[in-house]
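Me: Hi! I would like to learn how to read a protein model, one feature at a time. Could you take me through one?

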Amino acid sequence: MIDILMTVYNGEQYVVPQIESILNQTDSNWKLFIQDDCSTDRTVELIEPYVRRYPERITLLRNEKNSGSAQKNFFSMLPLVEHSYCMFCDHDDVWKPRKVEMTVRRMMELEQANGQDTPLLVHTDLAVADENLKVLSDSMFRSQNLNRKGNRLNNLLVQNNVTGCTMMVNKALVDMVGPAPKHAVMHDWWMALIAACFGKIGFVRQATILYRQHRANEVGAKNARSLSYNARRLAEREQARKVLNDTYLQAREFEERYHALLKPEDLELLQVYQNLPYFGKLRRIAVLFRYHLFKHGLARILGQLLFVCFCLFVQEPKGKPGLIWFFDS
């Protein structure tokens with residue numbers, strides 16, 4: 001049995017096609033939990049008929065106050081997971097009919113090789129679509145220049161390639177999450193770190209969803225191969241600093257939470273990465289090369305070197321100065 005967690009906020013325009021696409025899955029061995037994050041439109045009104053029609057399969061929950069983000073909403077739903085596997089669902093996408101079937105098949109292969117008590121994660125490629133579901137790219141991994149083999153800790157500390165709406169995790173991984181982390185960049189990134197350190201990550205090459213792009217996307221797909229995209233990222237220095245800073249804070253909290261369970265080499269890597277801002281320029285460069293802490297793609301690596309080596313931004317723990325800037329000559 002698979003528990004599917006869907007978060008929704010003001011999704012009246014898209015939630016019905018998404019629910020229908022789940023009902024049309026070739027593998028029907030699932031339960032769907034939908035958590036509304038205080039929508040102000042007709043979202044709940046549109047979901048309720050499905051709950052009445054499928055009371056054993058679809059459950060609607062409503063937050064008393066807005067969680068503030070999709071990732072917080074997803075983390076708050078994890079205690080609902082009772083069965084072997086868990087999938088995550090955005091309200092504005094459309095699942096292809098064999099999504100559950102293909103993902104659970106890959107998960108069972110991983111379980112056969114590694115055991116059910118090993119934290120396991122499976123994710124897939126996505127077809128990027130416009131607001132009307134016209135396909136813009138049949139592979140987000142290709143259009144965003146992502147590396148499907150980048151599933152080791154050194155890869156995932158600097159760049160996440162797991163998209164939550166394609167992700168399935170087993171109960172062993174869910175049980176390792178515990179209380180919602182304060183500094184997780186996204187729920188899928190945090191779970192990918194768990195799987196990289198304590199289990200295994202599997203990938204399905206086929207695109208299993210239509211990943212709808214629209215103005216209200218909290219996270220969306222960008223064409224990382226285009227010159228305009230990379231030039232814009234270089235120009236948005238404040239945002240780049242924040243993204244980089246978030247990865248340091250995430251690594252720090254991850255190391256603190258799982259310190260006693262980490263392999264010595266993973267513990268060393270987490271400690272080195274979170275302390276990168278405190279090193280001199282030459283040592284930062286040496287650390288990046290020694291531990292292979294690079295993103296995928298030449299443009300990303302050049303941008304990473306620029307910000308890591310010339311302008312770092314870190315937030316200190318409680319009791320220390322609030323913000324520290326590093327500008328190297």
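Me: Let's begin with one residue. Where is the place of Val51?

Reply: Val51 sits in helix H2, which covers residues 43–53. Helices (H or I, at least four residues) and strands (E, at least two) are DSSP runs, numbered from the N terminus. Before we go on, this is a predicted model: local features need pLDDT of at least 70, side-chain atom pairs count only at pLDDT 80 or more, and totals for chains, interfaces and linings use all residues. Residues are numbered from 1 along each chain as its sequence is written, and side-chain values use heavy atoms, with hydrogens and water left out.

Me: Is Val51 buried, partly exposed or exposed?

Reply: Buried means under 20% relative accessible area, exposed over 50%, and partly exposed in between (1.4 Å probe, protein chains only). Val51 is partly exposed because its relative accessible area is 22%.

Me: And which residues does Val51 touch?

Reply: A contact means heavy atoms within 4.5 Å. Not counting residues up to four places away in sequence, Val51 touches Ile58 and Leu60.

Me: Tell me about Ile34, then. Is it buried or exposed?

Reply: Ile34 belongs to strand E2, and it counts as buried because its relative accessible area is 0%. Leaving aside neighbours within four places in sequence, Ile34 is in contact with Met6, Val8, Ile19, Ile47, Ile58, Thr59, Leu60, Leu61 and Met77.

Me: What do nonpolar side chains tend to do?

Reply: In soluble globular proteins, they tend to be buried together. A nonpolar core is a set of buried Ala, Val, Leu, Ile, Met, Phe, Trp, Tyr and Cys residues joined through side-chain atoms within 4.5 Å. Here the largest nonpolar core has 53 residues, and those with the most contacts inside it are Leu121 and Phe254. Helix H8 supplies the largest share of this core, ten residues. Apart from it lies another core of 37 residues, among them Ile4, Ile19, Met107 and Met140.

Me: Which residues of H3 are buried?

Reply: They are Gln71, Asn73, Phe74, Phe75 and Met77. Their cover includes E1, strand E2 (30–36), strand E4 (85–90), helix H7 (171–177) and H8. Take Gln71, in helix H3 (residues 70–77): it counts as buried because its relative accessibility is 12%. Beyond residues up to four places away in sequence, Gln71 touches Ala184, Val185, Met186 and His187.

Me: How much space lies in the second largest pocket?

Reply: On a 1 Å grid over the protein atoms alone, a pocket is an open set of points with protein on both sides within 12 Å along at least five of seven lines, where a 1.4 Å probe fits; lining residues have an atom within 4 Å of a point. Grid points are joined across faces, edges and corners, and a volume is the space filled by probe spheres set on the points. The second largest pocket holds about 360 Å³. Of the 15 residues that line it, the closest to its centre are Arg152, Leu153, Asn154, Ala196 and Asp266. H11 gives the most to this lining, with four residues.
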